[in-house]
Amino acid sequence: MTSKPSLATPSRTAEDAPRLRIGEWIIENLIRLAGLSTIVIIGLIFLFLLREGGPAFLDIPLRQLFGTRWYPIEGIYGLAPLLVGSLLVTVGAVIIAVPLGLITAIYLGEIAPPWQREILKPLIEMLAGIPSIVLGFLGWVALAPLIQNAGAATGLTAFTGAVILAYMSLPTIISISEDALYAVPKEYRDGALAIGATQWQTIWRVVLPAARSGIVIAVMLGIGRAIGETMAVMMVTGNAANIPAFGSGMIFEPVRTMTATIAAEMGEVAQGSLHYNTLFGIGIVLFVITFAINSLAGRIVGTRGARRSGGKL
Amino acid sequence: MNRQQTNRLAIGVITGLAILVVIPIALVILFVFYNGIGTINWEFITAAPRNGMREGGIWPALLGTIFLTFGTAIISFPLAIGAAIYLSEYAADNRMTRMVRLAIVNLAGIPSIVYGLFGLGAFVLFMQFGTSILAGSLTLGILTLPVVISTAEEAISSVPQQFRTVSLSLGATRWQTIRYQVLPHALPGILTGVILGLGRAAGETAPILFTVAAFYLPNLPRSVFDQTMALPYHLYVISTQVPGMPLSVQYGTALVLLLIVLSLTLAATFVRTSMRRRREW
Amino acid sequence: MTQAKISIQNLYYTYEDGIEALRDISVDIPPNEIFVLFGPARSGKSTLLRLLNRLSDLDDGLAQGAVYFNGQDVFTRSMNVSDLRRRISMVFAIPTPLPGSIYDNLTYGLKMAGIREKGELDRRVEQSLKQSALWDEVKDRLGSSAFALSGGQKQRLCLARSLALEPDVVVLDNPTSGLDPISTATVEESLYSLKERYTIIMVPHSVQQAARVADRAGFLLDGELVEVGKADKLFVQPQDQRTEDYITGRFG
């Protein structure tokens with residue numbers, strides 16, 4: 001056979017190895033750095049919010065900060081109206097979106113024949129892709145007049161925002177609940193059907209309870225999505241920084257959310273002013289709320305042990 | 001009412017409601033299409049706005065969105081792929097990895113307006129890029145990280161483990177294995193993630209409000225340190241900030257934006273399915 | 001006796017969950033022989049094979065003891081693992097072609113080692129395919145997908161892929177599982193002719209196969225190397241009762 005040196009000859013690898021190794025060492029460390037950068041970025045986001053928004057919490061008396069009047073022109077920064085606005089719109093959206101989203105997920109996961117699923121799922125993905133500004137625009141030109149015609153004083157209300165928001169959070173809620181339903185072992189269904197349960201009984205008594213934690217996550221992330229939405233809400237909720245009179249009609253009053261306040265007012269404030277700081281302060285509030293929601297949801301996922309077994313080298 | 005009737009009723013109600021949820025999605029798209037298609041012509045796409053933006057076209061805004069989308073890709077792509085490779089191939093099951101995963105989940109949940117604030121504080125002011133394409137691209141790039149990382153990681157993890165083992169057993173190093181056996185097969189999935197991320201970036205308004213977007217600019221941007229108009233913000237401006245704006249222009253702008261974003265979403269789906277079909281294993 | 005090609009000394013392996021997979025393994029494997037490692041399922045055969053070229057690095061377990069390859073401890077930090085795996089090359093039970101052509105598969109390891117010269121690649125492809133008795137079947141379609149081959153061809157391709165590296169040692173983990181008798185015979189034929197040049201370590205499909213191909217054999221039971229010896233002795237007159245029970249089919 002041949003007398004050529006085999007690959008294994010030490011002299012050959014001795015010259016190749018160091019060159020290869022330095023290049024790889026650099027690449028591998030860049031990869032590690034990229035992984036760690038996610039932690040750094042979230043830290044930086046919080047840091048910069050704190051840097052610009054922190055003074056608001058120090059300079060504004062707490063009583064005023066949680067007060068019911070938001071009059072930046074007079075230097076009065078009470079966050080209550082904005083919190084109430086965000087709360088109204090978000091709760092409204094959740095009340096509309098959760099049942100509908102869950103039902104759609106049940107339909108897709110348990111009832112729909114495969115060909116329907118293949119049409120419907122891309123359609124729902126498409127909805128997730130529609131920019132919020134386009135939905136806001138439609139809410140502004142189409143939905144708001146509809147609501148006004150129905151008898152409200154104005155079409156731009158918390159309810160209008162809730163409807164648009166519900167629509168926007170539907171894809172999140174549908175896809176995560178569907179995952180949760182999908183994760184319920186087939187044996188549960190077969191077992192229930194085998195002892196004579198109807199399909200509805202199986203869904204209601206067996207599948208839904210088994211998917212409970214996943215559905216909770218879906219609802220939480222839906223809330224997270226709704227509370228942080230900005231443009232659509234700004235366009236259709238009327239932007240009145242008042243707390244509507246408490247009652248069943250309050251949902252049909254104009255409100256202003258935290259997100260809309262930042263978006264609408266940041267353009268007009270002087271950098272470094274108290275107003276500017278306060279808008280960043282609202283950002284901190286939003287960051288903390290969504291961080292809490294997502295960490296909690298992440299923890300539920302963790303306890304379910306739903307970790308993909310990715311490739312490992 | 002007996003069990004069977006309850007069953008039929010319940011299934012019927014679920015089916016009906018599900019259809020009620022899905023139909024408006026198609027309707028929304030068709031509605032914008034129907035109202036906007038008449039406005040779209042060559043001039044509308046390629047001309048600058050005139051007469052207080054009530055006439056003319058949307059070219060500067062469209063171009064700005066294209067610039068920003070490319071900028072986003074340049075920022076987000078390397079970082080996201082790196083993080084995805086890290087999570088799939090390098091990360092041990094330890095505290096640090098759990099923190100990275102938690103960070104990604106939370107990045108995904110941060111409201112886009114908060115990204116806007118961060119971009120303003122960090123890039124516009126602290127790093128003194130000013131309101132610029134650079135600051136906007138950085139902001140959007142970071143915003144799209146979670147979606148690109150998650151999709152890319154899933155694509156990388158779905159490459160069969162045996163390919164890695166075989167490659168290593170043939171004397172390939174870890175990086176060679178990733179480079180020649182993992183990434184090529186994960187590429188369609190990675191691309192899907194990138195395109196989805198870009199679709200998201202192209203449609204976002206809140207993050208660009210304070211970092212790059214201009215109400216109206218007579219000239220096109222000349223460098224990454226210039227401001228630019230952008231389609232989503234333009235739509236916001238012409239529908240709420242300019243009195244006497246013809247509805248047709250608003251719908252036309254909405255349609256162009258919708259088409260850009262949806263075609264990116266569709267492209268992502270297409271890449272995924274067509275490449276999956278070509279797979280040998 | 002010449003110096004052992006591979007010398008294993010007091011080797012222990014413990015899985016992540018604390019279960020001991022290998023216990024105090026010591027054995028010398030001389031060059032240019034077929035060494036067969038046999039025993040019941042889950043007795044630690046594959047685990048032991050993976051330790052030889054440190055594919056065990058991929059698994060979450062702890063190795064203690066030493067494996068010497070040409071007198072060099074493979075577990076030292078300075079060991080170039082890529083190089084080690086080129087010299088102790090592995091063929092797996094399930095034939096796994098890499099996506100790509102037959103030619104791509106055969107040259108993959110070479111290219112990763114930095115060999116790019118076309119003439120050299122072609123030479124190695126032809127030689128390795130001939131050694132694994134696959135040349136005549138695929139020489140006209142080296143550019144077609146490796147996935148289009150039959151199961152037996154795939155397994156011989158994987159063998160050829162290892163041989164293309166011109167290793168010192170070829171490690172085969174049950175290379176004929178799932179193959180029909182004719183393909184099995186072809187693979188076994190190639191092994192005979194290969195031992196002139198390589199040291200072969202193999203986990204067989206059955207005791208019969210072990211007896212057919214082995215020059216020397218080791219019986220592994222529950223992570224313990226019960227008995228090692230020349231094949232013509234061990235399969236005829238085993239020293240240990242457990243070995244005898246196993247090869248006469250009284251258990252396992």
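From the N terminus on, chain B runs α-α-β-β-α-α-α-α-α-α-α-α-α. That comes to eleven helices and two strands. Helices (H or I, at least four residues) and strands (E, at least two) are DSSP runs, numbered from the N terminus.

This is a predicted model: local features need pLDDT of at least 70, side-chain atom pairs count only at pLDDT 80 or more, and totals for chains, interfaces and linings use all residues. Residues are numbered from 1 along each chain as its sequence is written, and chains are lettered from A and ligands numbered from 1 in the order in which they are written.

The C-alpha trace of chain B spans about 70 × 70 × 35 Å along its principal axes. Chain B has 281 residues, and 57% of them count as buried (20 or more other C-beta atoms within 10 Å of the residue's own, C-beta atoms being placed from the backbone).

| Confidence in chain B | Element | Mean pLDDT |
|---|---|---|
| Lowest | strand E2 (residues 55-56) of chain B | 81 |
| Highest | helix H5 (residues 112-126) of chain B | 93 |

Two residues are in contact if their C-beta atoms, placed from the backbone, lie within 7 Å. Among contacts in chain B between residues at least 6 apart in sequence, 76% join residues at least 24 apart.

Now the interface. Here 77 residues of chain B are in contact with 72 residues of chain A. Helix H1 (residues 3-36) of chain B gives the largest share of chain B's side, 16 residues.

Definitions and conventions. A residue is buried if 20 or more other C-beta atoms lie within 10 Å of its own, exposed if 12 or fewer, and partly exposed in between; C-beta atoms are placed from the backbone. pLDDT is the predictor's confidence in each residue, from 0 to 100.
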